[in-house]
Amino acid sequence: MFESGLEFLRADFHLHTQKDKEFSYSGEPNDFVKSYISALKQANISVGVITNHNKFDKDEYKALKRAASKEKIFILPGVELTVKELSLIHISEPTRLRCIS
């Protein structure tokens, strides 16, 4: 990566997963991670941020990150916080996950 000093990457900083009540997935539950990463790869996404509404699922994030890394996709943890009618996206450092139980 970055052999020529500059590389354009496609990123999505606003991704939801099956742990978000507003997300819809109709496939087999055991195939979710594989299907999700496949969809990111098809969309040519190199960097993604999981930003479910008002919650963070550490186990789901770890499973997605592990599968994504095999496809050279970088996944960051985040959350979409809703305060009244305002939505805020928070992106965290992966190293901060040890603070989340």
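Visitor: Does Asn 44 count as buried or exposed?

Guide: This is a predicted model: local features need pLDDT of at least 70, side-chain atom pairs count only at pLDDT 80 or more, and totals for chains, interfaces and linings use all residues. Residues are numbered from 1 along each chain as its sequence is written, and side-chain values use heavy atoms, with hydrogens and water left out. Buried means under 20% relative accessible area, exposed over 50%, and partly exposed in between (1.4 Å probe, protein chains only). Asn 44 has 54% relative accessibility, so this residue counts as exposed.

Visitor: Where is Asn 44 placed?

Guide: Start with its backbone. Asn 44 has a positive phi of about 60 degrees, although it is not a glycine. Its place is in the loop between α1 and β2 (47-50).

Visitor: In what order do the elements of the protein chain run?

Guide: Helices (H or I, at least four residues) and strands (E, at least two) are DSSP runs, numbered from the N terminus. The protein chain has two helices and four strands. From the N terminus on, the order is β-α-β-α-β-β.

Visitor: Does Lys 72 count as buried or exposed?

Guide: Lys 72 lies in the loop between α2 and β3 (74-83). Phi of Lys 72 is near 60 degrees, a positive value in a residue other than glycine. Its relative accessibility is 74%, so Lys 72 counts as exposed.

Visitor: Is Thr 17 buried or exposed, and at what relative accessible area?

Guide: Thr 17 is found in the loop between β1 and α1. Contact means heavy atoms within 4.5 Å. Leaving aside neighbours within four places in sequence, Thr 17 is in contact with Phe 23, Phe 32, Tyr 36, Ile 50, Asn 52, Glu 60 and Leu 64. Thr 17 is buried, with a relative accessible area of 0%.

Visitor: How does Tyr 25 count, at 26% relative accessibility?

Guide: Tyr 25 sits in the loop between β1 (11-15) and α1. Neighbours within four places in sequence aside, Tyr 25 is in contact with Gln 18, Asp 31, Phe 32 and Ser 35. Tyr 25 and Ser 35 are 10 residues apart in sequence and 9.7 Å apart in space, C-alpha to C-alpha. At 26% relative accessibility, Tyr 25 counts as partly exposed.

Visitor: Which residues does Ile 73 touch?

Guide: Ile 73 belongs to the largest nonpolar core. Residues up to four places away in sequence are not counted here. Ile 73 touches Ile 37, Leu 40, Lys 41, Ile 45, Ser 46 and Ala 68.

Visitor: What is the radius of gyration of the protein chain?

Guide: The radius is taken over C-alpha atoms, and the globule rule is 2.2 Å times the number of residues to the power 0.38. With 101 residues, a compact globule would have a radius near 13 Å. The value for the protein chain agrees: 14 Å.

Visitor: How far apart do the centres of the positive and negative side chains lie?

Guide: Lys and Arg count as positive, Asp and Glu as negative, while His and the chain ends are not counted. The place of a charge is NZ of Lys, CZ of Arg, CG of Asp or CD of Glu. The protein chain has 15 positive and 14 negative side chains. The two centres lie apart by 6 Å.

Technical notes. Core = buried A, V, L, I, M, F, W, Y, C linked by side-chain atoms within 4.5 Å.
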